[in-house]
Amino acid sequence: TDTNRQTDFITHIKPSLRASYEGGRVLANVEYDGDYMFYMRGRDTDEYRHNLHALLTLELIENFFFLDLQEDLVPVYRNAAQGDYIEGDTTQNMVNRNQIGITPSFMLHPSDRTNLRLGYTFMDQRYSKFNDTDGAAGPSGLWGDNYNFSENVAQQHLLFTDLRHEATDRLALLLGGNAQKWDSEKDESGRTTVDYPVRPG
């Protein structure tokens, strides 16, 4: 900072993992990127950041009933107005966000050229506790206290429908709609907490 200038050498170790599987009625995809930072002179606490995106799609009844399971774990700015985190940007005022989603859906076939999808999504969104000491998202420890997701809990309930009709070989009609509801954590006075705004997706 301007009032406390420090110099150090930082070693970055960035493991990356990509795994996917498709077979039968199962589709799975996992992507993980880490950034492990080690300070040679100990001017700051070693930091570990994790980015995880996982998706599992199950076709429980052939061409009729599907189930999607997903999880996203990413570092984000405490103030949503700062936008998405870009690698190399400041780590001040950051927290970790975890989202877990469950989506059962039905696929109907009113005709050979028409598909109608009906579904429901439940999304649980949580943030880690803000570190008032340095505001960084990286805890001391591979999965430390900054990955205890207990702050600003919110749930999304989403009903949706999508219709696709192939009028001709070159022309298709797409229609859709949804209704959603967010239930957010409230403080003792009954007001919704706003420290880290709820951000879908």
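Which pattern does the protein follow, read along the sequence? The answer is β-β-β-β-β-β-β-β-β. That makes nine strands and zero helices. A caution before going on: this is a predicted model.

Some totals. The protein has 201 residues, and 30% of them count as buried. Its accessible surface is about 12800 Å², with 52% belonging to carbon and sulfur atoms. If we take contacts between residues at least 6 apart in sequence, 56% of them join residues at least 24 apart.

Next, charged pairs. Side chains of opposite charge can pair when their charged atoms come close. The count here is nine salt bridges, and I will go through some of them.

Start with Arg49 and Glu47, whose closest N and O atoms are 2.9 Å apart. Buried or exposed? For Arg49, relative accessibility is 5%, so Arg49 counts as buried. Glu47 is at 3%, so Glu47 counts as buried too.

Glu166 and Arg164 form another salt bridge, with 3.9 Å between the closest N and O atoms. The cut-off is 4 Å, so this pair is counted. Glu166 is partly exposed at 34% relative accessibility, and Arg164 is partly exposed at 37%.

Lys181 and Asp183 meet at 3.7 Å, N to O. Asp183 is partly exposed, at 29%.

Last, a backbone item. Most residues other than glycine have a negative phi. Asn63 has a positive one, near 60 degrees. Asn63 sits in the loop between β4 (47-61) and β5 (65-77), and is partly exposed, with a relative accessible area of 46%.

Notes. Residues are numbered from 1 along each chain as its sequence is written. This is a predicted model: local features need pLDDT of at least 70, side-chain atom pairs count only at pLDDT 80 or more; totals for chains, interfaces and linings use all residues. Side-chain values use heavy atoms; hydrogens and water are left out. Helices (H or I, at least four residues) and strands (E, at least two) are DSSP runs, numbered from the N terminus. Buried means under 20% relative accessible area, exposed over 50%, partly exposed in between (1.4 Å probe, protein chains only). Contact means heavy atoms within 4.5 Å. Accessible areas come from the Shrake-Rupley method with a 1.4 Å probe; for residues, only the protein chains shown count as cover. A salt bridge is a side-chain nitrogen of Lys or Arg within 4 Å of a carboxyl oxygen of Asp or Glu.
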